[in-house]
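Please look through the sequence and the model below. The paragraphs that follow start with a pocket, and then turn to the chains and to the aromatic rings.

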Amino acid sequence: MSDTAAVLSVHDLACARGERTLFTGMNFSLGQGQLLLVQGGNGRGKTSLLRLLTGLAHPLAGEIRWRGRALADGRELFHREMAYLGHLNGIKDELTPVENLRLAGDLEGMPMDQATAERALTDIGLARCLDLPCRVLSFGQRRRVALAGLVASGSLLWILDEPLTGLDVHGVAMVEGLLRDHVGAGGMVVMTTHQPLALDGLAVVPLLVGPALTRPEPGNQEEPACCAS
Amino acid sequence: MHWGSWSEFWAMGGYGLYVWGSYGVAFFAVLIEIISLIRGQKHTLQRLRRMRNWESE
Amino acid sequence: MLRFLIAVIRRDLKLAARRKGDWLTSQFFFVMVVSMFPLGIGPDPAMLSKVAGGVLWVAALLAALLSLSRLFADDHRDGSLEQMLLSPNPPVLLALGKALAHWLIYGIPLLLIAPVLGVQFALPGDAIGVLMLSLLVGTPVLSLLGSVGAALTLGLRGGGVLLTLLILPLYVPALIFGAGAVDATLAGVGAEANLSLLAAFMVMTLLVSPWVAAAALRVSIE
Amino acid sequence: MSSSIAWFKFAAPMTFYGLAGRLIPWFAWSAGLLAAIGVYIAFFVAPTDFQQGEAYRVIFIHVPAAWMSMFLYLVMAFWSAVGLAWNTRLSFMMSRALAPTGALFAFLSLWTGALWGKPMWGAWWVWDARLTSSLILFFLYVGIMALWSAIDDPRRGDKAGALLTLIGAINVPIIYFSVKWWNTLHQGASISLMKAPTMAATMVTGMLIMTFAAWFYAIAAAMIRVRGIILERERHTEWAAEILEGK
């Protein structure tokens with residue numbers, strides 16, 4: 001993967017939480033049409049790495065570059081081309097799914113009319129509950145509203161932290177479809193997940209954070225990372 | 001400017017309560033801070049040492 | 001840029017409309033705190049009119065602080081604060097937008113309730129007029145400085161009390177000039193000096209606090 | 001420039017820990033010596049004030065405490081600004097170490113102000129412009145320390161405290177002006193504490209010596225505290241481990 005096509009590149013990145021250093025000297029780059037699968041045990045820094053990539057958190061050392069420019073000075077361009085889905089869905093419970101989507105569009109500077117919002121939501125299987133306040137929806141349905149917003153944002157880079165949690169079998173299949181379409185069309189994804197994903201035929205770049213997780217035999221249960229020195 | 005006698009010194013021209021109230025509280029406040037500083041230092045060292053032992057097991 | 005600011009303000013207005021309960025509690029808090037004072041001080045109109053400016057202004061401070069502790073908290077809890085910080089627009093506009101929205105939702109109604117309470121405190125007509133003017137100019141200060149406190153104490157336990165502890169000292173100039181304006185009118189001295197100083201303080205906070213609040217947000221969200 | 005910043009950011013805590021350790025005794029002893037001289041002057045050299053008799057001797061504690069409470073807040077604001085500008089951990093630690101001593105001086109200036117007010121104006125608490133501003137400054141100190149104690153993550157606590165210190169520092173002059181304005185408005189020409197005694201030469205020198213004593217004391221106290229904070233935050237480094245094993 002020649003470096004020139006690398007849109008996102010990370011140069012000896014180091015990250016700490018509180019006083020504990022999670023990882024150091026991390027280098028990778030990601031081009032269009034690629035999916036970076038971040039793996040590693042609990043508490044190893046997967047979520048912290050993703051938050052560093054979004055620019056919400058600042059690294060202990062090292063640099064993240066988007067289209068060759070460091071995040072700090074290219075912030076506006078980067079945030080225009082990136083969308084983040086964390087553990088929280090980022091939608092308001094009082095508003096209906098349509099209002100949530102249109103509101104997100106306004107805040108991103110790309111207003112969305114009623115029809116596009118409704119189409120985005122029906123595509124993702126929420127046709128029946130367009131005008132219900134999100135408060136009454138299940139966690140899985142609210143997750144779909146957030147995913148609909150992600151798709152509708154048309155961002156080049158998706159940063160997804162455990163997107164499959166709370167989704168039923170259909171949901172997982174749907175997400176896999178979204179990923180395939182997005183990456184297939186030249187999009188980029190950085191994601192973490194513990195569930196196995198059927199992403200055959202896609203350019204998946206694995207990235208390991210912390211020591212490899214050995215298959216826990218009945219005897220040695222790997223000591224949870226948070227207590228390791 | 002020497003005081004006639006110790007009792008005159010303590011009386012401080014009738015304002016003894018206010019003058020010694022101020023100096024007394026100031027002295028004790030600083031004393032308390034010094035003691036808490038020294039004790040705090042010792043306490044921090046012990047706590048950190050305990051944490052190191054706990055972590056290094 | 002400006003569209004983002006307006007979008008943030010419209011968003012908060014819509015959210016407040018959906019949850020009228022929070023809005024009402026803050027207004028009733030203001031009314032109730034003010035109504036307690038005559039019970040404590042006594043019903044004598046002369047006395048009440050003398051303390052009216054101070055009482056109403058202190059109650060306005062407390063009502064603002066009550067509603068400010070949730071300024072960013074709800075958005076932080078459901079993740080929408082992160083999404084807004086990830087929008088291409090600078091976070092300064094977000095902080096400014098949230099503060100202005102808070103002023104429109106919680107500041108302006110104080111203006112409308114104040115005359116009713118002013119009458120209750122036997123304030124003459126012109127004093128009530130100056131009271132409303134001082135609240136109009138002063139309440140943005142409460143929202144702007146308060147937004148800094150809300151950003152600093154985001155997600156902390158005891159956030160509401162801590163916010164008050166942090167920000168109340170910074171409200172002192174607004175309280176002095178605001179309440180002073182009413183007293184000056186009562187004394188027949190005229191409140192132009194107080195109001196202009198209050199306006200100057202408001203402009204200063206308008207220029208300073210969005211930046212500090214935005215920096216505080218970036219620090220708290222990490 | 002950037003290399004010095006890097007040094008300042010990473011090597012600074014270790015070297016400062018040793019440096020502070022050597023300096024503390026010097027500052028502590030000179031503070032004690034100056035305080036002794038100051039108190040001697042206050043009681044045995046300074047003449048009785050013809051207006052106030054002996055009560056004015058409180059000034060030798062009150063004025064240095066008031067000056068130091070204001071000065072230490074400005075020093076904290078300075079370290080906060082440096083910390084935010086270059087993200088140097090050590091300057092945040094200095095700011096944290098200074099706050100308790102600053103709050104102590106603010107409290108002392110209030111206490112001695114009240115005790116001085118009683119004989120002068122017959123009331124324990126007088127809403128004099130300076131006293132009221134010291135009261136509000138004391139609240140600012142309490143607010144910052146409350147914020148630090150509420151935030152567990154040291155990195156966030158440093159920056160949040162620094163931001164609050166800065167916005168407080170911008171407001172201190174405005175608060176002082178508004179309180180002075182409010183004070184003159186309500187009391188007419190107020191008797192401010194400063195003008196009361198005619199400032200004989202020995203009184204001024206006495207006050208200055210006490211102020212320097214308070215300053216050196218504040219530096220010594222802050223350095224002791226900052227060493228504790230450094231050790232706490234750098235305990236994972238090997239030099240800190242040596243120190244912990246050593247003693």
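A pocket is found on a 1 Å grid over the protein atoms alone, as an open set of points with protein on both sides within 12 Å along at least five of seven lines, where a 1.4 Å probe fits, and lining residues are those with an atom within 4 Å of a point. Grid points are joined across faces, edges and corners, and a volume is the space filled by probe spheres set on the points. This is a predicted model, in which local features need pLDDT of at least 70 and side-chain atom pairs count only at pLDDT 80 or more, while totals for chains, interfaces and linings use all residues. Residues are numbered from 1 along each chain as its sequence is written, chains are lettered from A in the order in which they are written, and side-chain values use heavy atoms, with hydrogens and water left out.

The second largest pocket holds about 870 Å³ of space. Its lining is made up of 36 residues, and those nearest its centre are Val30(B), Ile34(B), Ala31(D), Ala35(D) and Tyr217(D). Two or more lining residues come from each of α2 (16-56) of chain B and α2 (12-45), α3 (59-86), α4 (89-121) and α7 (201-233) of chain D, these helices being DSSP runs of H or I with at least four residues, numbered from the N terminus. The largest share, 11 residues, is given by α2(D). By class, the lining has 32 nonpolar, three polar and one charged residues, where Ala, Val, Leu, Ile, Met, Phe, Trp, Tyr, Cys and Pro count as nonpolar, Asp, Glu, Lys and Arg as charged, and the others, Gly among them, as polar.

Chains B and D also have the most contacts among the five pairs of chains that touch, a contact being heavy atoms within 4.5 Å. No contact joins chains B and C, whose closest C-alpha atoms lie 23 Å apart.

Across all chains, 28 aromatic pairs are found; rings of Phe, Tyr and Trp (its six-membered ring) pair if their centres lie within 6.5 Å, and planes under 30 degrees apart count as stacked, over 60 as edge-to-face and the rest as tilted. The pair Phe9(B) and Trp10(B) is edge-to-face because the ring planes stand at 70°, with centres 5.2 Å apart. Phe9(B) is buried at 6% relative accessible area, where buried means under 20%, exposed over 50% and partly exposed in between (1.4 Å probe, protein chains only). Ring pairs link Phe9(B) and Trp10(B) into a cluster that also includes Tyr40(D) and Phe43(D).
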